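Subject: Structure handover

Hello,

Here is the structure for your files. Please open it alongside this email; my notes come after it.

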Amino acid sequence: MECKGIVRRVDELGRIVLPREMRKSLNIKEGSKLEIGIVDGNKFLLSKYSDMVSLKEYSDAVASAISVSIEHDVLISDMENILSSSKKKYIGKTLSDTVQELIYKKEIVIKKQDNGSEMLEFFENTPNEFSCQLIVPISKDGDAIGSIIILATENKCFDDGNVKLCKAFAKYLSDQIS
């Protein structure tokens, strides 16, 4: 298999510029982590890196524990995709650009339909069926690396205790990264 790509020069510091079209198609933004490897002795393999992927076992347990405690849908994501969930239907789904931006900003987001909040669309082209939404970012060394998301469909929304619970588990997951 021969791969024809774009030719770039390496500068004096060993840097190359990734073409804008490729960055856009792979959703690589400033600050994104990339893993570089060597394949077949003379080829570079460049792939997106997620700290959260290495925590799959932990995040599965955390999603289950939170869900049992608060009885809502619990999702754990990296910066783009759902990695673990209390419901299998969410695993692997890509978060909307709006939600990705909110995680990147590292702010806790609470939306409740009954107090007039504009509800978020979590997945592209998927209607919003939730009356309460919570995003608690997971960060490591000052960088957002993922989130814990709680989605509720009934009028029984979460409270401050649920937010504290998610913050504690977000810190726990962050602490598991070496």
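The model is predicted, and what I describe was computed from it.

Sheet. Five strands form an open sheet in the order S4-S3-S7-S6-S5, with antiparallel pairing. Strands S4 (82-85) and S5 (109-112) are at the edges; each has a single partner strand, so one side of each has no neighbour in the sheet. On average, neighbouring strands are turned by 20° against each other, direction ignored.

Strand S7. S7 spans residues 143-152, and nine of its 10 residues are buried. Strand S3 (residues 73-77) runs antiparallel to S7 and is joined to it by five bridges. Within that pairing, valine 74 has isoleucine 150 as its bridge partner, and isoleucine 76 stands opposite isoleucine 148. Strand S6 (residues 132-140) also pairs with S7 in the antiparallel sense, over nine bridges; there, cysteine 132 stands opposite alanine 152. S6 and S7 make a hairpin with two residues between them, and aspartate 141 in the turn has a positive phi of about 55°.

Cores. The largest nonpolar core contains 23 residues, and among those with the most contacts inside it are Ile76, Ile148 and Ile150, as well as Met52, Ile66 and Leu173. Helix H2 (56-70), S3, S6, S7 and H4 each give two or more residues to this core. A second, separate core has 16 residues, including Leu75, Ile82, Tyr90 and Leu151. In general, nonpolar side chains of soluble globular proteins tend to be buried together. Setting aside residues up to four places away in sequence, isoleucine 66 touches Glu71, Val74, Ile148, Ile150, Leu165, Cys166 and Phe169.

Helix H4 and serine 174. H4 lies across S3, S5, S6 and S7, and runs at about 30° to S6. Serine 174 belongs to this helix, which covers residues 160-175. Is serine 174 buried or exposed? Its relative accessibility is 7%, so serine 174 counts as buried, the cut-off for that being under 20%. Which residues does serine 174 contact, leaving aside neighbours within four places in sequence? They are Ile138, Ser139 and Lys140. With serine 139 there is a polar approach: a polar atom of the serine 174 side chain lies 2.6 Å from the backbone oxygen of serine 139.

Regards

Technical notes:
Residues numbered from 1 in each chain as written. Predicted model: local features only at pLDDT ≥ 70, side-chain atom pairs only at ≥ 80, totals over all residues. Heavy atoms only, no water. Buried < 20%, exposed > 50% of the residue type's maximum accessible area, 1.4 Å probe, protein only. Helix = DSSP H or I, 4+ residues; strand = E, 2+ residues; numbered from the N terminus. Pairing = 2+ DSSP bridges. Polar contact = N/O pair within 3.5 Å; in protein donor to acceptor, adjacent residues only side chain to side chain. Contact = heavy atoms within 4.5 Å. Core = buried A, V, L, I, M, F, W, Y, C linked by side-chain atoms within 4.5 Å. Axes fitted to C-alpha atoms, helices over the stretch in contact; angles between N-to-C directions.
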